[in-house]
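Morning, everyone. Have the sequence and the 3D view open, please, and follow along as I talk.

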Amino acid sequence: MGAYKHILLAVDFSNATEMLVQRTVTLRQFCAAELSLVHVIEPVVIDPSYDVFPAVPLGLEQEAADKARKELVRLGDRLAVVPERCHVVIGSTKNEILRCARERQADLIVVGSHGRHGVALLLGSTANAVLHGAPCDVLAVRIQ
Ligand code: AMP
């Protein structure tokens with residue numbers, strides 16, 4: 001089996017992120033792979049029949065995406081990843097991670113076993129979904 005050529009690191013900016021970063025850095029020392037970063041913003045869903053909520057200002061996701069992009073580019077800077085390889089996308093987390101992996105022809109996706117959605121299961125929802133849908137290998141870094 002050849003060495004990995006392009007790693008996609010999925011970042012949710014939770015406390016686990018640093019561990020994922022360290023694992024990816026170590027991995028790259030062995031295979032000198034390209035690295036891309038992806039962060040997904042889930043759209044705010046408003047149920048119009050549920051009028052307790054005040055209207056969410058238009059452009060909220062875009063604002064969140066702009067902030068996330070700055071964070072991601074900062075992280076990219078640390079990892080020698082150019083801004084063009086720091087992807088912030090709006091959509092469903094698992095779908096967008098998979099789409100990004102396909103479009104960039106990543107041959108390894110790195111995710112945390114758990115992130116913001118708790119540690120009740122052996123694998124969190126994102127890691128599980130990515131494992132099932134990935135077109136390539138997946139490294140689920142164990143988060144205690
Ligand atoms: P979770 O599904 O919250 O247990 O998250 C598990 C892992 O999926 C995280 O450690 C990240 O690697 C990845 N992940 C979760 N949410 C996002 C997101 N919004 N954008 C990119 N990666 C994510």
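The chain exposes about 8,900 Å². Carbon and sulfur atoms supply 55% of that area. Keep in mind that this is a predicted model. Now the inside. Of the 144 residues, 37% count as buried.

Next, the layout. The chain has four helices and five strands. Read from the N terminus, the elements run β-α-β-α-β-α-β-α-β. And the contacts? Take those between residues at least 6 apart in sequence: 76% of them join residues at least 24 apart.

Let's start with strand β1, residues 6-10. How many of the five residues of β1 are buried? Five of the five, so the strand is largely enclosed by the rest of the structure. In a regular strand, side chains alternate between the two faces of the sheet.

Who are the partners of β1? One is strand β2, residues 34-41. The two pair in the parallel sense, over five bridges. Find A10 and look across: V38 in β2 stands opposite. To get from β1 to β2, the chain passes through helix α1, residues 17-31. That β-α-β crossover is right-handed. Strand β4, residues 108-112, is another partner. β1 and β4 run parallel and are joined by three bridges. There, L9 has V110 as its bridge partner.

Now the cores. In soluble globular proteins, nonpolar side chains tend to be buried together. Here the largest nonpolar core has 23 residues. Which residues have the most contacts inside it? They are I7, L9, L35, L37, L79 and V110. β1, α1, β2, α2, β3 and β4 each supply at least two residues of this core. α2 gives the most, with four.

Zoom in on L37. Leave aside its neighbours within four places in sequence. L37 is then in contact with L8, L9, L72, L75, G76, L79, V81, R85, C86 and H87.

One more residue on the inside: H39, in strand β2. Is H39 buried or exposed? The cut-off for buried is under 20% relative accessible area. H39 has 11%, so it is buried. Its side chain reaches the backbone oxygen of V11 at 2.7 Å. Not counting residues up to four places away in sequence, H39 touches V11, D12, F13, A68, L72, H87, V88 and V89.

Last stop, two alanines in loops. A32 lies in the loop between α1 and β2. It has a positive phi of about 50°, although it is not a glycine. A80 is found in the loop between α2 and β3. Its phi is near 60°, again a positive value in a residue other than glycine. Are these alanines buried or exposed? Exposed means over 50% relative accessible area. A32 has 69%, so it is exposed. A80 has 67%, so it is exposed too.

Over to you for questions.

How values were computed:
Residues numbered from 1 in each chain as written. Predicted model: local features only at pLDDT ≥ 70, side-chain atom pairs only at ≥ 80, totals over all residues. Heavy atoms only, no water. Buried < 20%, exposed > 50% of the residue type's maximum accessible area, 1.4 Å probe, protein only. Pairing = 2+ DSSP bridges. Right-handed = clockwise from strand over helix to strand, strands pointing away. Polar contact = N/O pair within 3.5 Å; in protein donor to acceptor, adjacent residues only side chain to side chain. Contact = heavy atoms within 4.5 Å. Core = buried A, V, L, I, M, F, W, Y, C linked by side-chain atoms within 4.5 Å. Areas by Shrake-Rupley, 256 points an atom, 1.4 Å probe, with all protein chains shown as cover.
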